[in-house]
Amino acid sequence: MNILEIQNLSKTYGERKALDNVCLSVEKGAVYGLLGPNGAGKTTLLRIINSILVSDSGSVKIAGKEAELGVTSSILGYMPEERGLYPKMRVDEQVLYFGRLKGVSLDVLRRNMSEYMDIFDIAECDRHRRVEELSKGNQQKVQILSTIVHEPQLIILDEPFSGFDPINGQLLTNLISRLRERECTVILSSHNMPAIEEMATHIALVNKGKILLDGDITDLKHANKSGEIAVTVSMPISEELALDSPAIKSITRMADNKHRHGVNYSIRPAENACNNDIILALALQANILRFEEVLPSLTDLFLKYTGKFSADSNISTIS
């Protein structure tokens with residue numbers, strides 16, 4: 001079941017197309033990474049989903065309902081990139097205030113707030129302080145908690161890692177895991193590729209108002225792999241001898257990795273080659289310490305598609 005359905009969405013500012021016939025489906029319970037360079041159309045898309053902006057054409061449905069401010073606000077939680085907290089208000093009062101705006105009872109909100117503050121490692125003394133007295137990282141935590149305390153079905157976090165160190169990043173991962181257990185769907189819009197790669201199950205890559213990539217991260221990586229195999233062996237080998245195997249098209253020694261013992265090679269298999277034949281050819285010369293298919297990272301995919309985009313580019317979609 002899809003929690004979010006976007007069909008043929010377009011938005012123009014003057015002569016500039018911010019969104020160009022965008023279609024996107026987000027499965028319930030997924031963690032979706034929304035990626036794209038600055039000016040790609042991500043913020044416009046998020047604001048239309050949240051009924052802050054009106055599209056020129058197309059439709060947005062959330063949990064089967066047309067996205068309208070009075071209809072879908074209770075099942076939606078949106079944290080914009082710009083912080084919107086009341087600096088003089090106490091942390092606990094602020095979180096409860098935003099939850100009450102969604103029509104949820106105080107008892108439910110207090111229970112959720114307490115649990116999520118524990119997961120987010122917010123100290124008891126900080127829960128009663130004014131927001132302006134907190135560090136930037138803790139203010140970001142309060143911003144996120146104010147967005148999710150009513151446990152909406154669809155949660156959208158724009159640049160949620162802002163002000164976070166690696167420890168707080170892991171706490172956010174834990175929090176999102178808890179939300180998924182409750183069948184919440186999360187959309188993360190961020191430039192932090194490693195964090196998105198760790199948390200997200202799916203991605204959508206936007207550039208110049210178009211969706212260039214959309215689907216399961218693992219499927220997209222396999223669809224865009226180069227066919228290269230990374231190998232680490234116990235000692236240098238004869239590349240000429242390795243090429244005697246019909247299974248190996250090319251072999252190149254790579255730079256040593258200070259975090260890994262052994263000698264590294266990049267191998268291009270021959271067409272229809274069997275991995276066992278490659279392994280056998282290498283094992284005749286040295287012990288094999290690592291043998292793995294090289295898959296692109298999210299950064300690789302981002303650079304590949306945003307760097308070569310044109311109006312006639314093909315869109316790679318995995319459904």
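The exercises treat a predicted model.

**Exercise 1.** Find how β1, β4 and β5 are paired.

Solution. Begin with β1 (residues 2-13) and β4 (residues 57-62), which pair in the antiparallel sense over 5 bridges. Ile6 stands opposite Val60 in β4. Next, take β5 (residues 65-66): β4 and β5 also pair in the antiparallel sense, over 2 bridges. The bridge partner of Ile62 is Lys65 in β5. Last, look at the turn: β4 and β5 form a hairpin with 2 residues between them, and Ala63 in this turn has a positive phi of about 55 degrees.

**Exercise 2.** Determine which residues of helix α1 are buried.

Solution. The cut-off for a buried residue is under 20% relative accessible area. Applied to α1 (residues 42-49), it gives 6 buried residues of 8, and the helix is mostly covered. The buried residues are Lys42, Thr44, Leu45, Leu46, Ile48 and Ile49. Just after the helix, Ser51 takes a positive phi of about 60 degrees.

**Exercise 3.** Describe the largest pocket by its space and its lining.

Solution. Start with the space, which is about 460 Å³. Then turn to the lining: it has 22 residues, and Asn50, Leu76, Gly77, Tyr78 and Lys102 lie nearest the centre of the pocket. Sorted by class, the lining holds 10 nonpolar, 10 polar and 2 charged residues. Finally, assign the lining to elements: α2 (69-72), β6 (76-79) and α5 (136-148) each supply at least two residues. β6 gives the most, with 4 residues.

Key:
Residues numbered from 1 in each chain as written. Predicted model: local features only at pLDDT ≥ 70, side-chain atom pairs only at ≥ 80, totals over all residues. Heavy atoms only, no water. 1 Å grid on protein atoms, 1.4 Å probe; cavity = no way out; pocket = protein on both sides within 12 Å on 5 of 7 lines; lining within 4 Å. Points joined across faces, edges and corners; volume = space filled by probe spheres on them. Nonpolar A, V, L, I, M, F, W, Y, C, P; charged D, E, K, R; others polar. Buried < 20%, exposed > 50% of the residue type's maximum accessible area, 1.4 Å probe, protein only. Pairing = 2+ DSSP bridges.
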